[in-house]
Amino acid sequence: MAAASQRAAELDGEWSAMMAAAQTGDRIAYERLLRGCTPLIRRVVMRQGVYADRADDVVQEVLLTIHRARQTYDPARSFSAWLCAIAQRRAIDALRRRGRQDRREVFAPLDYENHPDPSDARQHGMTESMQDASMRGAIDELPDGQREAIEMLALQQMSLDDAAIATGKTKGALKVNMHRALKTLRARFGGDLG
Amino acid sequence: MTAQIDRLIADLGADLRPVRRLSAPILRAAGWLLLVATLAIVLAYFANLPAIAHRLRFVPDMWLAVLGSTLTTVLAAIAAFELSFPDRKPVWALLPLPGLALWVAATGMGCLRAWVIPDTHAADMAEATHCFRFIVLLSIPLSIAMILMIRRACPLRPNLTAATGGLAVAAAAATLLNFFHPYDAGATDMVVHILAIGLVIGANRVLGGRLLTPKTFARRL
């Protein structure tokens, strides 16, 4: 434990010296520093809750921020603390941005299912596949709520309001069941569902 | 490490130029406060200083209000410059609160006195409009200077930093208003002051926040 913290302190000292050199324009020290601290940035970013598929983008944002903020680093202070503060903040920014994006973009699988493009030849394939016994079987195997939602909303093309009245469920519950049913069917048919 | 990150590091290395390390936030705040002090000296030249000294001697809550707004100016400026450094915690934004509390309490007391004591000359609507104009107009150069100085650092919370800087600017403008405010703050005047200060903080938060947010990320990624 003591050895690990000593190693961390040594590394921090090395990075601090490299950053001080980078402030004077030493490109080699700078690139070595950025390459050396990238794994730590990735760890901090992922610890904040950023998924692995987005981590690279956030790591790049952190590197750009380091570049832009390099004049604010004081070698008398810990480099790791300075770096982690930037990485944490950029990760939070990325998560918030993602959250805002998710709120703006409505996920409406029903619209895709209920209003297919008439010129899309695949919809005919969809009709055929819906008639297919394996699809019927898969729908029958769904839990009651999900089966009810997919039968009314997708097969019978009822509106959400009508389906809500018919089932006595809220529109939200129907949407959730529809979404889950589609997910289950997609997983079963390898994503080939319309 | 992915090829994309590797390429970015090479690009950043190629873009590397020597930079002058920024001095400590408190020294940078002192630089901005020096600008406010210079402005105060210039305004004092045009003000009726004996009348102000007389008022300060006989109206204790005015002393406290001036002390409160001055303290808010200093503490909010320090907080804004601290927040402009990436490794500083957001809790710095709470630093101006003691000054703000004193300022609000003393101004409220002055307002109450103008209401309770008869024959007190409280500001009328025309004078209140003058106060509004003074605070807003004086805030413009102070805000520009503040934002330019903060931009040289790299605030990770641009909106919070800009709003804290806006508080420093508004408090400074309200403090300097005392040179040309030879009457008690009546209810109308106080509301106008609050509106002007709110406007300055809001404008700094919106405009400053945008100016302090780097656009490079969106362009690059």
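Me: Leaving aside its neighbours within four places in sequence, which residues is Pro155(B) in contact with?
Reply: In this predicted model, Pro155(B) sits in the loop between α6 (125–151) and α7 (158–177) of chain B. Once the neighbours within four places in sequence are left aside, the residues in contact with Pro155(B) are Leu83(B), Ser84(B), Ile150(B), Thr161(B) and Leu212(B).

Me: Is Pro155(B) buried or exposed?
Reply: The relative accessibility of Pro155(B) is 1%, and the cut-off for a buried residue is under 20%. Because its value is 1%, Pro155(B) counts as buried.

Me: How far apart in space are Pro155(B) and Thr213(B), C-alpha to C-alpha?
Reply: Along the sequence, Pro155(B) and Thr213(B) are separated by 58 residues. In space, taken from C-alpha to C-alpha, the distance between Pro155(B) and Thr213(B) is 8.0 Å.

Me: What area do chain B and chain A bury between them?
Reply: The contact draws 34 residues from chain B and 37 residues from chain A. Of the area buried between the two chains, 64% is on carbon and sulfur atoms, and that buried area comes to about 3400 Å².

Me: Which element gives the largest share of the side of chain B that touches chain A?
Reply: Between chain B and chain A there are 2 salt bridges, and one of the salt bridges joins the side chains of Arg77(A) and Asp87(B) at 3.4 Å, N to O. On the side of chain B that touches chain A, the elements giving two or more residues are α1 (3–14) and α9 (216–220) of chain B. The largest share, 9 residues, comes from α1(B).

How values were computed: Residues numbered from 1 in each chain as written. Chains lettered and ligands numbered in written order. Predicted model: local features only at pLDDT ≥ 70, side-chain atom pairs only at ≥ 80, totals over all residues. Heavy atoms only, no water. Contact = heavy atoms within 4.5 Å. Buried area = accessible area lost by both parts, 1.4 Å probe. Salt bridge = Lys/Arg side-chain N within 4 Å of Asp/Glu carboxyl O. Helix = DSSP H or I, 4+ residues; strand = E, 2+ residues; numbered from the N terminus. Buried < 20%, exposed > 50% of the residue type's maximum accessible area, 1.4 Å probe, protein only.
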